[in-house]
Amino acid sequence: MKFTLSWLKDHLETDASVDEIAETLTDLGLEVEEIINPGERLADFTLGYVTHAEQHPDADRLRICKVATDEGELQIICGAPNAREGITVVVAKPGVYVPGIDTTIGVGKIRGIESFGMMASEKELELSDEHDGIIELPSGEVGDRFIDWLAENDPAKVDPVIEIAITPNRPDALGVQGIARDLAARGLGTLKVRDYAPVQGDFPCPISVAIDEDTLDGCPLFAGRVIRGVRNGPSPQWLQDLLRAIGLRPISALVDITNFFTFDHNRPLHVFDARLVKGGLRVHRAQGAETLTALDDKEYTLAPGMMIISDDAGPESIGGIMGGLATGVTEDTVDVFLESAFWDNVQIALTGRALRINSDARYRFERGVDPEFTLEGLEQATRMILDLCGGEPSEVVIAGDVPDHSRAYHLDTERVQSLVGMDIPEAEQRQTLTRLGFRLEGTMAHVPSWRPDVQGEADLVEEVARIASLTKLQGRPLKRLTSGIPKPVMTPAQRRVQMARRTCAALGYNECVTYSFIDQASAALFGGGDDATMLENPISSEMSHLRPALLPGLLQAAARNQARGFMDLALFEVGPAFHGGEPGEQHDLISGILVGQTGPRDAHGTTRAVDVFDAKADIQAVLGAIGAPAKVQILRGAQGWWHPGRHGQICLGPKKVLGVFGELHPRVLSAMNIKGPAMAFTIWPDEVPFARKAGANRGALEMRDLQAVERDFAFVVDADVEALKLVNAAAGADKALIEDVRVFDEFIGGSVGEGKKSLAITVRLQPTQKTLKEADIEAVAAKIVAKVGKTTGGVLRS
């Protein structure tokens with residue numbers, strides 16, 4: 001929304017500067033986006049008087065002028081054809097920047113003669129495109145500032161233009177009057193009230209108006225009148241200057257008047273050439289397939305249900321959006337039908353969006369206009385047309401009624417303190433609402449018709465606080481809810497997630513935050529992508545489904561990095577994944593991936609490709625940091641996106657899975673465009689049990705005073721038996737004494753036999769009650785041999 005300072009002062013009596021107005025508007029919620037002040041670039045130009053002019057001895061088109069300025073007489077060489085003695089000119093002295101030629105004036109020689117400045121043309125000052133000669137002023141004193149002369153004699157050229165951003169809930173600020181009302185309520189001036197007197201019609205209106213019954217919900221009021229005998233020439237200069245200042249092109253007096261009311265009062269109007277209207281005008285819904293050439297010279301095909309204005313010959317206007325070219329006014333128009341209507345904002349928005357028409361009328365009607373100003377706007381526009389174009393008005397014809405949007409809410413002056421935290425006296429609150437146009441009856445505040453955004457008591461509080469200025473809010477500490485030592489702010493689960501993040505970062509991983517939405521193909525690779533997790537209205541085809549895991553997003557991030565030359569990556573993410581589309585069908589995950597080498601290449605050859613054991617070490621570190629039990633089992637059987645022979649599930653039992661680590665399946669990596677193998681891990685933090693005894697301190701360190709014993713076993717098993725299966729079997733032989741089981745050798749072939757292999761393990765026994773005797777050790781060894789034999793079919797190697 002653009003307006004000029006002088007336009008604002010037509011509605012607001014104020015002495016405030018442009019900067020004060022801009023600061024206040026932003027504070028009121030009408031954020032100022034730009035201020036264009038022509039006077040700023042002309043501040044250094046002064047008036048001078050040419051006392052003498054003579055021909056340059058070495059140039060036919062140059063003249064040497066003596067110019068009287070506030071700094072004395074200056075010699076200026078000028079090539080303008082009108083440079084002569086006895087004229088008042090605009091002078092740019094050395095050091096002055098000239099915007100039209102993007103040059104700072106200096107002292108220079110022209111054909112051997114020095115010049116100490118410049119006499120400017122309108123184009124050089126960006127006042128117009130006129131450049132046939134320098135500016136000649138009819139008045140002015142030597143040394144006066146040029147902008148002061150313009151402000152007195154041609155103020156439009158130095159009128160500042162202010163542009164503000166309008167939020168959808170403030171349609172009243174789409175008119176200059178509404179902006180002035182807010183500023184007056186703040187106390188920055190006094191709102192000017194214009195006298196309003198209906199224009200009496202001299203004859204019955206020859207054009208009738210009607211609204212179809214099924215269209216009353218979209219257009220409850222349609223009014224207009226004929227004005228005959230108008231002169232539709234150029235609009236007066238002041239009106240042209242206003243429209244040009246806000247970026248509109250003056251067209252003709254009639255069109256310029258309707259544009260003026262659009263921006264002055266947020267009241268879009270339309271004018272028809274009355275001689276071209278066949279019969280009466282009817283507001284109705286399109287049947288479908290009707291066509292209309294609009295004022296923008298484009299042909300539009302109307303869909304069923306769109307609201308249009310038709311005469312006996314067919315559609316003539318798209319209601320509330322744009323008029324038709326066939327009945328548009330021209331310089332030959334003599335009789336005009338002036339229309340003012342109220343349209344439903346939702347239906348206007350739907351039609352404008354479907355037809356892809358962006359007009360000032362649509363922009364305002366779809367946000368909301370003042371229904372009670374519909375008839376008054378018609379009368380005020382009639383008066384302006386009569387004043388500027390002449391003519392004779394008919395009586396007003398009206399179809400429908402002004403819709404009743406009246407409502408009132410209880411004003412609780414104490415709620416300002418409870419909702420906003422400001423102490424505002426009751427009298428000031430009532431005065432604020434009155435200045436904004438609210439009508440107060442006791443404690444009930446009646447909302448003005450131009451404020452569709454006020455829909456409850458809390459909105460009254462917001463208006464009071466907005467005018468009082470939220471910058472006056474003072475921070476106050478919250479009252480403590482309990483006495484004594486405050487409880488922790490974070491829950492145990494939140495602290496666990498925080499510790500997981502810190503641990504991953506300490507391990508060298510970079511945290512990612514990826515979208516919760518991924519494409520169907522990627523989701524399907526990780527067990528998702530079904531209809532239950534499909535979005536009804538996705539942003540794009542690449543965000544069509546809820547993610548079933550964090551790994552797809554991390555792999556996509558890795559692929560983007562690899563495409564840009566970053567091949568060694570360690571990424572992690574903590575966040576939710578979804579196993580359904582209903583509330584609660586989600587679970588938290590901690591995932592990380594490793595791609596490439598363990599570090600940069602060096603002379604010692606210490607770098608290597610990442611492997612499964614890197615992922616295993618990292619997941620164990622994270623589990624340890626979040627409080628997972630130290631004794632766990634590592635089992636096979638993870639989902640299909642893991643490499644079948646290079647992964648492990650960390651479990652507390654067959655059905656209690658804490659996490660998975662390993663190498664991702666090559667098929668998945670190929671589909672995700674990952675170069676080389678990738679290691680990963682995933683932790684289900686909700687599955688990790690919390691400590692039975694919660695405390696701020698770690699438990700005491702348990703040191704064993706009894707000697708540990710290690711025994712080695714070599715088992716011959718089938719070649720397809722996994723070492724992990726044998727280790728788990730040995731560890732489960734006596735959970736009280738066996739502290740650790742490790743594989744230290746594998747032998748295939750030779751005396752072991754075809755289809756067999758030898759696996760050697762070390763079992764560490766840690767007594768807690770008494771020193772182990774040989775018999776005790778042999779008993780445990782027998783249990784190990786039996787358990788391994790039963791589980792894997794292995795026998796001791798002879």
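Is D195 buried or exposed? D195 is exposed, because its relative accessible area is 79%. Buried stands for under 20% relative accessible area, exposed for over 50%, and partly exposed for what lies in between (1.4 Å probe, protein chains only).

## About the model

This is a predicted model, in which local features need pLDDT of at least 70, side-chain atom pairs count only at pLDDT 80 or more, and totals for chains, interfaces and linings use all residues. Residues are numbered from 1 along each chain as its sequence is written, and side-chain values use heavy atoms, with hydrogens and water left out.

The largest nonpolar core has 69 residues. Such a core is a set of buried Ala, Val, Leu, Ile, Met, Phe, Trp, Tyr and Cys residues joined through side-chain atoms within 4.5 Å. L25, I164 and I179 touch the most other members. Helix α7 (residues 253–264) gives the most to this core, with seven residues. Helices (H or I, at least four residues) and strands (E, at least two) are DSSP runs, numbered from the N terminus.

Another core, of 38 residues, lies apart from the largest one. Its members include I207, A286, I309 and A341.

Helix α2 spans residues 18–27. Its buried residues are V18, I21, A22, T24 and L25. They lie on the same side of α2, because they cover an arc of only 165° around the axis. The arc is that of the directions from the helix axis to the C-beta atoms. An α-helix has 3.6 residues a turn, so residues three or four places apart point the same way. The face turned away from the buried side carries the exposed residues D19 and E23.

What do the buried residues of α2 pack against? Their partners are β1 (2–4), α1 (5–9), β3 (32–36), β13 (161–164) and α5 (176–186). Contact here means heavy atoms within 4.5 Å. Leaving out residues up to four places away in sequence, L25 touches F3, L30, E31, V32, I162, I164, I179 and L183. Just after α2, G29 takes a positive phi of about 100°.

## Where α2 meets α5

α2 and α5 pack at an angle of about 95°, and their axes are 10 Å apart. Axes are lines fitted to C-alpha atoms, for helices over the stretch in contact, and angles run from 0 to 180 degrees between N-to-C directions. The two helices are therefore roughly perpendicular to each other. Angles of 65 to 115 degrees count as roughly perpendicular, under 35 as roughly parallel, over 145 as roughly antiparallel and the rest as oblique.

On the α2 side, the contact is made by I21, T24, L25 and D27. On the α5 side, it is made by I179, L183 and R186.

## Exposed loop residues

D195 sits in the loop between β14 (190–191) and β15 (209–211). D195 and L292 are 97 residues apart along the chain, and their C-alpha atoms are separated by 39 Å. D332 is in the loop between β23 (322–323) and β24 (336–342). D332 is exposed, with a relative accessible area of 53%. D332 and D530 are 198 residues apart in sequence and 66 Å apart in space, C-alpha to C-alpha.

Most residues other than glycine have a negative phi. D102 has a positive phi, near 50°. D102 lies in the loop between β8 (97–98) and β9 (103–104), and is exposed at 58% relative accessibility. R356 also has a positive phi, near 60°. R356 is in the loop between α8 (345–355) and α9 (360–365), and is exposed at 75% relative accessible area.
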